[in-house]
Amino acid sequence: AALAAVIRSDEAMAQISSACHEMGVAGTLAQRTRADRQFHQAILNATRNELLMPLGAIIDSSLDYLFTFVTREANDLRHAQDLHEAIERSIRQKKPDAARKAVKALLHNTDIILKRKGLAD
């Protein structure tokens, strides 16, 4: 996200923003999970980094279950959306340190949910 904040194009930013918006208006768990995957893929693509971009395949396969699980278990989808919007905003405003901090907050939130379910240390 920090790298995307530095080098993203306007087109890449539009894809990030669109996916973030779609997460917020999704009517079903499947729609939200699909938009979540698109959001993270768009961030990877925005980096234009040939080493990072292929991680999108991992997101689509391995993290699909994680995103579905965390979304289903989260009691406060507004909070999760706010965390994603903070990432989107930081990238849009070209603030790499804020983007890094926002991603860490999202990861921390995911960790809390997994710990609550006994799935993480």
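1. Start with the exposed side of helix α6. In this predicted model, Asp97, Lys101, Lys104, Leu107 and Arg116 of α6 are exposed.

2. Now the buried side. Ala99, Ala102, Leu106, Asn109, Thr110, Ile113 and Leu114 are the buried residues of α6. Looking down the helix axis, these buried residues fall within an arc of 140 degrees, so they line one face of α6. An α-helix has 3.6 residues a turn, so residues three or four places apart point the same way.

3. What covers that face? The cover over the buried residues of α6 includes α1 (2–7), α3 (29–47), α4 (55–73) and α5 (77–92).

4. Check the length of α6. The helix runs over residues 96–116, which is 21 residues. At 1.5 Å a residue, α6 should span 30 Å, and its end C-alpha atoms are 30 Å apart, so the two values agree. After α6 comes Gly118, with a positive phi near 75 degrees.

5. Next, the largest pocket. Its space is about 620 Å³. The lining has 29 residues, and those closest to the pocket centre are His40, Phe67, Val103, Leu106 and Leu107.

6. Which helix gives the most to the lining of the largest pocket? That is α4, with seven residues. At least two lining residues come from each of α1, α3, α4, α5 and α6. By type, the lining holds 21 nonpolar, six polar and two charged residues.

Definitions and conventions
Residues are numbered from 1 along each chain as its sequence is written. This is a predicted model: local features need pLDDT of at least 70, side-chain atom pairs count only at pLDDT 80 or more; totals for chains, interfaces and linings use all residues. Side-chain values use heavy atoms; hydrogens and water are left out. Helices (H or I, at least four residues) and strands (E, at least two) are DSSP runs, numbered from the N terminus. The expected span of a helix is 1.5 Å times one less than its number of residues. Buried means under 20% relative accessible area, exposed over 50%, partly exposed in between (1.4 Å probe, protein chains only). The arc is that of the directions from the helix axis to the C-beta atoms. Contact means heavy atoms within 4.5 Å. On a 1 Å grid over the protein atoms alone, a cavity is a set of points where a 1.4 Å probe fits but cannot get out, and a pocket is an open set with protein on both sides within 12 Å along at least five of seven lines; lining residues have an atom within 4 Å of a point. Grid points are joined across faces, edges and corners, and a volume is the space filled by probe spheres set on the points. Ala, Val, Leu, Ile, Met, Phe, Trp, Tyr, Cys and Pro count as nonpolar, Asp, Glu, Lys and Arg as charged, and the others, Gly among them, as polar.
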